[in-house]
2 protein chains.
Amino acid sequence: MDHYQPPLADISFALKHVVGYPDIAALPGFEHADLGTVVELLEQCGDFMSVAVAPTNRQGDIQGSQLQPDGTVVTPNGFKEVYRQYVEAGWGSVPLPEEYGGGGFPRTVGVVIQELMTSANMAFSLCPLLTQGAIEALVHYGDDALKKRYLPKMVTGEWTGTMNLTEPQAGSDVGALTTRAVKNEDGSYAITGQKIFITYGDHDMAEQIVHLVLARTPGAPEGTRGISCFIVPKFLVNDDGSLGRRNTVETLSLEHKMGIHASPTCVLSYEDATGYLVGEENRGMRIMFVMMNSARLGVGVQGLAVAERAYQQSLAYAQDRRQGLATGATNPSSAIIDFPDVRRMLMTQHAHIAALRYLMLLDATYVDRSTNDPDPAVRARADEIAGILTPICKSFGTDLGNELTSLALQIHGGMGFIEETGAAQHLRDIRIAAIYEGTNGIQAADLVGRKLGVRGGASMLEFLADMREIEFELTNAGAEFATIRKELSRQFDALEEATRWMLATGQADPDGVLSGSTPYLRMWGLCAGAWMLARAALAAPATGDAALADSQLVLARFHAEQLLPQCASLLGAATAGSRDLFALDADQLAGAARRVRS
Amino acid sequence: MDHYQPPLADISFALKHVVGYPDIAALPGFEHADLGTVVELLEQCGDFMSVAVAPTNRQGDIQGSQLQPDGTVVTPNGFKEVYRQYVEAGWGSVPLPEEYGGGGFPRTVGVVIQELMTSANMAFSLCPLLTQGAIEALVHYGDDALKKRYLPKMVTGEWTGTMNLTEPQAGSDVGALTTRAVKNEDGSYAITGQKIFITYGDHDMAEQIVHLVLARTPGAPEGTRGISCFIVPKFLVNDDGSLGRRNTVETLSLEHKMGIHASPTCVLSYEDATGYLVGEENRGMRIMFVMMNSARLGVGVQGLAVAERAYQQSLAYAQDRRQGLATGATNPSSAIIDFPDVRRMLMTQHAHIAALRYLMLLDATYVDRSTNDPDPAVRARADEIAGILTPICKSFGTDLGNELTSLALQIHGGMGFIEETGAAQHLRDIRIAAIYEGTNGIQAADLVGRKLGVRGGASMLEFLADMREIEFELTNAGAEFATIRKELSRQFDALEEATRWMLATGQADPDGVLSGSTPYLRMWGLCAGAWMLARAALAAPATGDAALADSQLVLARFHAEQLLPQCASLLGAATAGSRDLFALDADQLAGAARRVRS
């Protein structure tokens, strides 16, 4: 029942007809990654993920990673072997720089690979995801010696990477961290402190783990301006590249989590561990932002990917499970897919998932343009748009990850609540994604703080105007698109009104803007999703595939008429300001339970 | 951090000023349950639930109930002792008939007790909840001998009860069940079959368990018209009331569930077990409907109760957790309650929880009127309104249970995903409530099927008109209520439009009506919630408590302006009909993944 089928037809269509992948492949540096090559590669990748990785998902949840009495971490049965195959096949290196042994493929392709891997096994996928983040930091900020020593084996995946930000007193507020880094005579640093929530902080799938650790040097400025970034390898690396003595970093414990049980979430203790500065002292936050911005799109993809897996399972269950009689049915019993309300749950998943996939891929194409377009103006603009889309992809993608996996569970009825069914695991696994790499609230603050203010609001308004060009296309596309155009216009109006309110309120009332940030971000997600579905519906007839064209039109119309209207309903919340949020004191928020007691 | 405080001030206010409890206490048969007595009783109850029951919640989740090698079920540490105290204090008997040793208190009081107990420990609360369902069936349909033999000890709680409906092939479609009941010479029946999902089907908290079992007699009509209801005790009862030999019902296994681990969900096997007919043969479905209708309000209360517990925990965390700097703050760090987006999550929980509590209590008052009002016309009308409110309370209450516990978890950041924090347990526990006692989709079908059609739609339209009288009250209440009135009018218009569409579409297109049933039910929930909050805001000044009046106004305004507008946004989905839900075939729903493969 829980067999994962990579949605390759949807992905190929999206790449070719919806997000314009051929234009990305035409950019300098991506010539070898033409669409035909990419589609073939992705089919092989889909095979690997569905055949080798997907079957480890349930067992990984049941068994979990375990801290042994000797202080080592053992991953669930099968993980080590599957990871070896993953490294041998080179899936991790596809989107990485050729200079260090990577495939040099666009990020857009990397996003698809990540979707496939995450659908197959989210907990497993975190190890490569974190490794890629560490690689990006090194590529951009490491000196040549560090790059030469660490990157090649990290690119192949033989060595894995981690990100060490959080400390017990410093979560979202990274600036509060206290881990110390004292310079040694040989130029290395002695790192001492405790880090929590370190994903794959230790495990048995690779011989070496490269920790990226944020710490403070003596006398560094307070807050985020005094943070430096270090590489701290699990084993020191000899000059010939071989592994030397064990560094003084230890796993104190693993967290007991609601989901992603197979992913070891470590408490790590550093005691005068040997580390190497990445970039300059006190510039660690910038490096972390590079890693996190890249990872944020990746986390959005997790929402999409786990929702896709759960959707597939619920669709199969709905076709299989016979129960009662649907309207007009005369069989002894009907498959529950014939019941309207089950259909609603399926269509809601299907439409949101399609919209999310288009959005994630679109964001990735802008990332690729921002790095590889020959025109600096295009690069700069693409970077602006990726900056807008990334917090939307992260928050909206993971909020929907929560909502859609819950719908998939609901379709299973009582069986959905039984762990053996596997539906509950998807809901439990994805729940972290709205929290890590910056909570969704922080993404919303980023959208209305940093991103809205770019060029005094012009960046965002221009993007909105670009999106609205679809209204003309829809008008010219015939009667079938009429309600889509009507709803999109109405909802874009609401989004534009909210945007202008945000800009007008702006600096005069930052709390007012922040108060509306989460509903405002969701307005964006809904509109952008509907926009991409409409683009897909307009593009689909060119494929000559009537069933596909029909599907895309239905999805766009269902979304526009039945899901998108939530956007305008959030205008009130987005623009209400802070008054009612702060009107009640703590006693009043407690429902005065305490007052009656005292 | 996870200390539960019974919200007694909120409850007292709700009873006295919002749902008109004094009128209920004035009904014949409830004279002894005056408000003062009830409030005092509830304070004692709150003490017991918070001091004795609430501390068992985490341990119950960790340990779970366990099936022993000898076939018995052992509940987590502390459960047996706490249940004994519960029985001794008599909390279970408060709303039960005096004739059998109960307190004879109104259902409204029973709902409050259930809220307090469920907040304290949902998994624990299921045992008394199921027992009450079995008691109701016996009270209404059992003959005198059965009543005399079973009811007194069930009312005290010394014996517990279960409901046995589901079989592997018969979930929501109860009519498909195959358990057989063959009449013995002595008038008893031999019951043979397997039942699944039997809550507290076995446990060690009581000496006796009384199973209510649905089964078919030989030659009974197919489907739901051929189902009979039987009492099957775990131990046969001797004529002197003492326990006799063990009946042939066995626990085959316990389910591994996503939540409510402490509640043993049993697979029970009956092999020629001795059972006694309740009521007449082939009338079992009617009996089960009595039990389920009563239980449905109880399940809605679970959504409220677990959301309340989770909210309290998130509020305490938000006051405690210091992180970063809020706007304008100059302290070294701010409690996260000072951040607007955290406030939004708190206010969203607080407003919805208040609305849910008023709704549940209102429904219960109509149940009480339907049984105890001296005027048959009032009884009949109250029964109609309770019929409308019950599916709304069940579905909307449990959907919000899911959504609000997720918000509470989110406020905890990364700690929310760690099981030790306890926030995840609330989300996992409540997830079943949208499924059992009739999935929320079935509730929505009940609303647009049975309940909408009562008196050709007049019943529902009259109730809507009654609700809309608040618009006049709000108009006269002054400027502070202006936006509440404006939004309520707009949203009532949308609800009325959807209702008239449903009535007009009705029998001509049952699938069209069913297609919109879930969004339509949510429209009802949002409007009814806003209506009750407005009633509370209008009533609050009469208390003379300025802080309370202020709270109620803010809650009503926040809800009306920022949460309620979702109602009108669902009009499109409620009235779209079935076209787009059924437009895609299974291949198209599968995203054509299979097509590219073949």
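Which residue forms a salt bridge with B:K234, and how far apart are the closest N and O atoms? The partner is B:D202, and the closest N and O atoms of the two residues are 2.7 Å apart. A salt bridge is defined here as a side-chain nitrogen of Lys or Arg within 4 Å of a carboxyl oxygen of Asp or Glu. The pair links distant parts of chain B, 32 residues apart: B:K234 is in the loop between β7 (228-233) and β8 (235-237), and B:D202 is in the loop between β5 (189-199) and β6 (208-215). Helices (H or I, at least four residues) and strands (E, at least two) are DSSP runs, numbered from the N terminus. B:K234 is buried, with a relative accessible area of 10%, and B:D202 is buried as well, at 3%. Buried means under 20% relative accessible area, exposed means over 50%, and partly exposed lies in between (1.4 Å probe, protein chains only).

The model is predicted: local features need pLDDT of at least 70, side-chain atom pairs count only at pLDDT 80 or more, and totals for chains, interfaces and linings use all residues. Residues are numbered from 1 along each chain as its sequence is written, chains are lettered from A and ligands numbered from 1 in the order in which they are written, and side-chain values use heavy atoms, with hydrogens and water left out.

Over all chains, the count comes to 54 salt bridges. One of them joins A:R428 to A:D61, with the closest N and O atoms 2.8 Å apart. A:R428 lies in helix α12 (residues 423-430) of chain A and A:D61 in helix α4 (residues 56-63) of chain A, so this pair ties together parts that are 367 residues apart in sequence. Both A:R428 and A:D61 are buried.

A further salt bridge is formed by A:E403 and A:R522, whose closest N and O atoms are 2.9 Å apart. This pair also links distant parts of the chain, 119 residues apart, with A:E403 in helix α11 (residues 376-411) and A:R522 in helix α18 (residues 517-539) of chain A. A:E403 is partly exposed, at 36% relative accessibility, whereas A:R522 is buried, with a relative accessible area of 15%.

A:E480 is located in the loop between α15 (470-475) and α16 (482-505) of chain A. A:E480 is exposed, with a relative accessible area of 52%.

Helix α16 of chain A also holds A:L503. A:L503 is partly exposed, with a relative accessible area of 28%. The C-alpha atoms of A:L503 and A:V513 are separated by 8.6 Å, the two residues being 10 residues apart along the chain.

Helix α10 of chain A comprises 33 residues (340-372). At 1.5 Å a residue, α10 should span 48 Å, and the distance of 47 Å between its end C-alpha atoms agrees with this. The expected span is 1.5 Å times one less than the number of residues in the helix. Of the 33 residues of α10(A), 29 are buried, and the helix is thus mostly covered.

Separations along the chain and in space were also computed for other residues. A:A123, in helix α7 (residues 122-141) of chain A, is buried at 4% relative accessible area. A:A123 and A:E437 are 314 residues apart in sequence and 15 Å apart in space, C-alpha to C-alpha. A:I231, in strand β7 (residues 228-233) of chain A, is buried with a relative accessible area of 0%. The C-alpha atoms of A:I231 and A:L538, 307 residues apart along the chain, are separated by 49 Å.

Backbone angles complete the description. Most residues other than glycine have a negative phi. A:I260 has a positive phi, near 35°. A:I260 is in the loop between β10 (249-254) and β11 (265-278) of chain A and is buried, at 3% relative accessibility. Phi of A:N282 is likewise positive, near 70°. A:N282 is placed in the loop between β11 and α9 (284-320) of chain A, and A:N282 is partly exposed, with a relative accessible area of 25%.
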